[in-house]
Amino acid sequence: LAASFIANRFTVVLKPRQIGFSWTAAAYAVWVARFQPGAVILFLSKGEYEAKVLLKKARDIWVNMPKEWQLSFGTDSQTEITVPSIGSKMIALAATEDAGRGETTTLVVQDEAEFHEFAESNSAAVKPTLDSNGGQMILGSTVNKKKAVSLFKRVFQEAPENHWHPIF
């Protein structure tokens, strides 16, 4: 999974519950934030609570890295972590219609993307920020059986012709 994140700009992951996707995505995001100075990571989830949980996983990974890799945080809140010495930051946002709009991002992780109420408009808001600098997007989700049609299902079903790398 991590190798796929490294090798592909756009990755869509259809997954069962509780297999470690969010931990792997958080670890990858920490690696990007730490080793790509100036990185801006957005963690988007269906709600603010879920986004905060994803950022907490990234924080837990950061503080448990080897000491020589750790850098001090500037802001360290439930919704944002900044690393001023390298200009990187990680932000947790609920996937609202405008979440991430205007922020030039390096990586967007959408966890449980199938359950985002505003998936279409949110993706339209963040995609231009990714395109402006060659940024990455990772969509991961279980299936929402209550939705016959969704952005997540369409992206997964049309991959790889749509330039998304599918993982099941």
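Mentor: By class, you get eight nonpolar, five polar and seven charged residues in the lining of the largest pocket (Ala, Val, Leu, Ile, Met, Phe, Trp, Tyr, Cys and Pro count as nonpolar, Asp, Glu, Lys and Arg as charged, the others, Gly among them, as polar). Keep in mind that this is a predicted model: local features need pLDDT of at least 70 and side-chain atom pairs pLDDT 80 or more, while totals for chains, interfaces and linings use all residues. Numbering runs from 1 along each chain as its sequence is written, and side-chain values use heavy atoms, with hydrogens and water left out.

The largest pocket has a volume of about 490 Å³ (the space filled by probe spheres set on grid points joined across faces, edges and corners). A pocket here is an open set of points on a 1 Å grid over the protein atoms alone, where a 1.4 Å probe fits, with protein on both sides within 12 Å along at least five of seven lines; lining residues have an atom within 4 Å of a point. There are 20 of those residues here, and Lys15, Gln18, Ser22, Asp111 and Glu112 sit closest to the centre. H2 and helix H3 (48–63) are the elements giving two or more residues to this lining (DSSP runs numbered from the N terminus: helices H or I, at least four residues; strands E, at least two). H3 supplies the largest share, five residues.

Then there's the second largest pocket, at about 170 Å³. Its lining includes Phe10, Lys127, Met137, Leu151 and Trp164. Helix H4 (119–131), strand E6 (136–141) and helix H5 (151–158) each give two or more residues to that lining, which divides into six nonpolar, three polar and one charged.
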